[in-house]
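Subject: The structure you asked about

Hi,

Here's the structure I said I'd pass on.

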Amino acid sequence: MEIKKFILRRLLEIAIIFFVILTILFVLFRLAPGDPVARMVDPMWTPEEVEHVISQLGLDQPIWTQYLYYLKNFLSGNFGVSFHYGEPVENIIWDRLPNTILLFTTSTILAALAGVFFGKIAAWRKGRKSDTWMTISALVCHTLFVPWFALMLVWILGYKVGWFPLNGIISPEVWVNENTNFPMKALDVLHHMMLPLMTLFVVQMGSYLLLMRSSMLGTLKEDYIVTARAKGLTEKVVRNHHAARNAALPVITSIGLSLAFSINGGALTETVFTWPGIGKELVFAVGNNDYPLAQACFLLIAAVVLTANLIVDVLYAYLDPRIRY
Amino acid sequence: MTLLSVENVCVSYRTKNGVLNAVDDISFGLDEGRSLGFVGESGCGKTTIGMALMGLLPENGSITQGRIIYGGRDLVQLSAEAMRTVRWNEIAMIFQAAMNALNPVHRVHEQIREAILAHHPDTLQADLQQRVEMLFDLVEIPRERMQDYPHQFSGGMKQRAIIAMALACDPKMVIADEPTTALDVIVQDQILQGIKTIQNRMNISVIFISHDIAVVADVCHDIAVMFAGQIVEFGSREEVFETPIHPYTRLLLSSYLTLDGERPEPIAFAAKTPNLITPPSGCRFYEQCPKATQACENDPPEYREISSTHRALCKVVD
Amino acid sequence: MNILADRIHLIERLAKGWAIFRQNLLGKIGLTLMIIFALMALASFFTPFLGPTYDPMTGVDPEISHATGPSWRHWLGTDFIGRDIFTQLLEGAKIAFMVGLSAAFISIVLGTIVGMLSGYLGGVMDTLLMRLADMIMVMPSLLILLLLAALFGQLNIWLIVLLIALLRWPGVSRIIRAQTLTLKQRPFIEAAKVAGASHLRIIFRHIMPNVLPLSFLYMTFRVTSAILVEAALAFLGFGDPSQVSWGMMLQWVWKTGHMFQAPYWLLPPGICISLLTLSFYMLGRAMDEVLDPRLRKEEHSG
C-alpha cells in the first residue's frame with residue numbers, strides 16, 4: 001500500500017534529521033564556554049555521585065568516545081540528572097509530556113476547526129461587512145503577542161472576575177481529598193486548562209482563519225465550482241461539500257508548517273500559566289542553569305515537532321485522493 | 001416543436017474600465033431534437049451565451065435585456081431557486097474536460113449521483129446505482145471505473161464521464177462548451193460521434209459551442225457564426241457551408257481544408273476584437289472586412305434574410 | 001539595453017503599484033500605524049534632552065521610586081523603581097525597528113543568496129541546501145535561542161539579531177529558489193550563457209534584479225517574526241539586559257508582580273508589540289497584492 005511506503009520513508013527522514021540535531025547539539029555543548037563537566041554535574045553532589053554521573057555520561061573520555069556515549073545514553077533514555085529537581089531527567093520529562101500534549105493538541109485542533117469554519121464563511125461573504133470584520137479580527141489575533149495576551153487573560157478573567165485559577169494544572173485541595181472521583185478531577189484540570197487553552201486557541205485561530213479564507217478564495221475560482229452550480233446544487237452544498245472540502249487541504253499542510261511557530265507560543269503560554277509541561281520546564285531549566293533538563297526538553301520537543309509533521313503529512317495524504325491513488 | 005426561444009438578449013459585465021457588452025441583441029430558436037452550433041474566436045461571446053442560458057453568469061455579469069423562453073417560462077425572470085430546479089434537470093452542460101470540471105476529491109460516480117439526488121432526492125440507492133451504470137454504458141466507460149477519482153481518468157474518458165454526468169437527469173437540452181478542445185484528433189472524433197449518437201437516441205437538443213468550425217459542421221444541424229458579441233450569420237449547416245454570405249464566415253471557412261473537394265484559397269488575417277466597452281457605431285467587422293464600404297463604418301448593419309432559415313448581418317455581400 | 005527606457009518603465013511600474021496600494025484598506029492602515037511607530041522611534045532620540053530623570057534605563061525621579069499611574073509628569077506613569085514608562089515605550093519602538101529591520105534584512109540577504117544558488121546550480125548543492133532549510137524551518141526558533149542562551153550565557157542584542165536572521169532565512173530561500181528556477185528557463189539567461197558570462201555574473205547581474213522585489217516583499221513578514229521572537233526572548237528574561245525593549249518591559253511587569261495593579265504599565269508595551277507586528281503584516285499583504293496581479297480584484301474577459 002502506497003501509504004505504508006510513504007510513512008516508512010518519512011520515518012527514515014525524521015530519524016536522520018533527529019540524528020543531525022543530536023550531533024549539532026553535542027558540538028555546541030562542547031563549543032560553549034565554560035566547563036562541560038560542570039554543566040552536567042551539580043556542585044552540591046557528593047563526590048561519589050559526581051563520579052557516577054561522569055562515568056555514565058563519559059565526560060572523562062576523549063571526544064569521539066564521548067560522542068558515542070552521548071548517543072547511547074540518549075537512545076537508552078538516560079539524560080542525566082536535573083539539578084533543580086534532584087531527579088533523573090527522564091522521570092521529569094515523561095511526567096510533563098502528557099500535559100503539553102493535552103494542552104497543545106486540544107488548542108490546535110479546536111483552532112483549526114474554528115479557523116476553517118469561519119474562514120470558509122468569510123471567503124463566501126467576501127467584500128461584505130461580515131468578511132471585513134472577520135478578517136481584521138483574525139489579523140489582530142494572528143499578531144497578538146502571546147505572553148501579553150496570556151497575562152491579559154489572567155488579569156481579567158482570573159484576577160478580576162475570578163472565574164478561572166491563575167496558574168497550574170490542578171488545585172491540590174481537590175486531588176488530596178479522598179472523596180473526589182475521576183470526573184471531578186478531570187473537571188479540575190479542565191478548569192485550569194481554560195485560560196491557557198483560550199490563549200493558544202485565539203492566536204492560532206486567527207492564522208487558520210486567514211489561511212482558509214485565502215485558500216477558499218482560490219478554490220472558488222475553480223471550474224468544478226461552476227460545474228457544481230450548474231448541477232443545480234444549493235449554495236450551501238456548493239460551499240461546504242465542494243469548495244471547503246478542497247480549500248481545507250492546504251490549511252492542513254500549514255498546520256504542520258506552522259508548528260514551529262505555535263510551539264513557541266505554547267512554551268510561552270505554559271510559562272505564564274505555570275502549566276507543568278515540557279515548554280515551561282525548558283524555560284525554567286534555562287533560567288536555573290539546569291542544563292541536563294534543558295537539553296532533554298529541547299530534544300523531546302524536537303521529536304514531538306517532527307512526529308507531528310509526519311502525522312499531518314499522513315493525514316493530508318489520506319484526505320487528498322490525488323496523493324493516495 | 002420549438003424548445004428554446006431567445007429574443008433580443010444582451011449580456012454585459014461590469015468591469016473596472018466600464019461596462020463590457022459581451023453579447024449584443026442575440027435572437028435564435030432551437031427545436032426539439034435539433035442541434036445548433038455557435039462558432040467564433042475567443043471573446044466573441046459564445047461562452048457567455050451558454051452561461052447566460054444556464055443562469056451561471058459571474059457576479060459582475062447580467063442579462064440586461066431580452067427574454068429566454070423555455071417551457072413556457074422566461075428564464076431571465078425566474079427566481080434563483082426556480083432556476084436551480086431548471087439547471088441540469090432540464091438544461092444540462094458539458095464542460096471542457098481539460099479544465100478542472102470534476103471535483104478532484106470526490107469519486108466520479110458520487111458526482112453523478114449527487115446531480116441526480118439534487119433534483120430527485122427520493123431516488124432509491126438501487127435505482128441510483130442502476131442509473132449510473134446505464135450512463136457509463138451509454139458513454140462506453142467500463143463499469144469498474146465508476147469508483148475512481150477524476151485524476152485517474154484519461155482526457156477522453158474524463159470527457160465521456162462529463163457527458164454521462166450531463167445526461168444524469170435526462171435533460172431535454174444540453175449545452176456543450178468546447179467539449180473536444182485539447183483532446184487529440186482521434187479521441188475528438190470518438191467524442192463527437194458519441195454526442196451525435198446520444199443526441200439521436202435520446203432526442204436531446206444540443207447547443208454546441210466551439211471555435212472550430214469543422215467540429216461544429218460535423219455535429220450540428222444549424223450554425224450561428226459569432227463575432228464581437230453578435231450573430232453575424234445564422235443558417236442550416238448546408239446553407240452556411242455552401243453559401244456563406246458574411247465576410248467573416250467566408251474567412252473562417254477559408255482557413256480550414258477538406259479531404260475531398262477543392263482547396264479554397266487561404267486568406268490570411270488576424271482578427272482583432274473591437275472594443276466591447278465602447279463598440280463602434282457601424283459594423284463591428286469593419287476594420288478587417290475585405291468587402292467593407294464607406295457606409296459600413298458608420299451605419300450599423302441589419303439582418304438580411306437570404307432564405308427563411310438563413311440570415312446574415314451584412315449589407316454589402318450577396 | 002536602453003537605460004532610459006528601463007528607468008521610465010520602472011517609474012511607471014512604481015506609480016501603478018502605488019495606485020493599487022492606495023486602494024487597499026489594509027495597506028493604508030498598516031502604513032499609518034508604521035509611520036506612528038517610526039515617529040515614536042525617532043522621538044526616542046530626543047528624550048535625553050529631557051534630562052536624566054527620563055532616561056529609560058536609569059532615569060530616577062527624585063520624588064517617585066515606585067509604580068505610579070499616569071500623571072502630567074509621567075504620561076504613562078512610572079515603573080517599579082520610578083522610571084518613566086512613556087520614554088521606555090519610545091525606546092522600545094526604536095529597538096523594535098532596529099531588531100526587526102536588521103534581522104529581516106540579514107535573513108533576506110542570506111535567503112536570497114541561498115535561494116539563487118540552490119535554484120541556479122541545482123543538483124547536490126540544491127538538495128543539501130534545501131534539506132538544511134527544511135530542518136531549520138521545522139525547529140521552533142525561540143526554543144533554539146533559549147538553548148543557546150543556556151549554553152552561551154547572556155546574549156547581546158546584536159547576537160540575538162544575527163541568530164534570528166540565521167534561523168529565518170529558509171522561508172525566503174524557498175520562494176527565491178522557485179523564482180530562480182523559472183527564470184533559469186528564460187531565453188535571456190541562455191543568451192547570457194552563450195555570450196560567455198560566468199555563472200556568478202549571471203546570478204548577480206541577471207537573476208538577482210528579477211528576484212529582489214520578491215525578497216523585499218517577504219522581508220515584511222521576516223520583520224514581524226523577528227520582533228515577536230526578540231520580544232518573547234526578552235519577556236522570558238533572556239534578552240539583552242542593557243536594552244529596554246517592549247518585551248523587557250513586560251518582563252519587569254510580570255516578574256515584579258505588578259500585572260494586576262498596573263494596567264498603565266501592562267497594556268502599552270503589549271499593545272505596541274501587537275500593533276507594530278500587525279502593521280508590518282498588513283503592509284506585507286498589501287504589497288503582495290501589488291506584486292502579484294492574480295490577487296488583485298479581477299477584470300472580467302467575456
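A quick definition to start: a helix here is a DSSP run of H or I with at least four residues, and helices are numbered from the N terminus. Also, keep in mind that this is a predicted model.

With that in hand, take A:Phe284, which sits in helix H13 of chain A, a helix covering residues 278–287. Is A:Phe284 buried or partly exposed? A residue needs 20 or more other C-beta atoms within 10 Å to be buried. A:Phe284 has 19, so it counts as partly exposed.

Next, the inside. The largest nonpolar core has 258 residues, and among those with the most contacts inside it are A:Leu282, B:Ile162 and C:Leu146. Which helix gives the most to this core? That's H8 of chain C (residues 199–236), with 19 residues. As for C:Leu146, setting aside neighbours within four places in sequence, C:Leu146 touches A:Leu282, A:Val283, A:Val286 and C:Phe238. In general, nonpolar side chains tend to be buried together in soluble globular proteins.

Last, where chains A and B meet. The contact takes 17 residues from chain A and 23 from chain B. On the chain A side, helices H10 (223–230), H11 (235–257) and H15 (321–324) each give two or more residues. H10 of chain A gives the most, with 6 residues. That side of chain A divides into 6 nonpolar, 4 polar and 7 charged residues.

Cheers

Note on methods
Residues numbered from 1 in each chain as written. Chains lettered and ligands numbered in written order. Predicted model: local features only at pLDDT ≥ 70, side-chain atom pairs only at ≥ 80, totals over all residues. Core = buried A, V, L, I, M, F, W, Y, C linked by C-beta atoms within 7 Å. Buried ≥ 20, exposed ≤ 12 C-beta atoms within 10 Å, placed from the backbone. Contact = placed C-beta atoms within 7 Å. Nonpolar A, V, L, I, M, F, W, Y, C, P; charged D, E, K, R; others polar.
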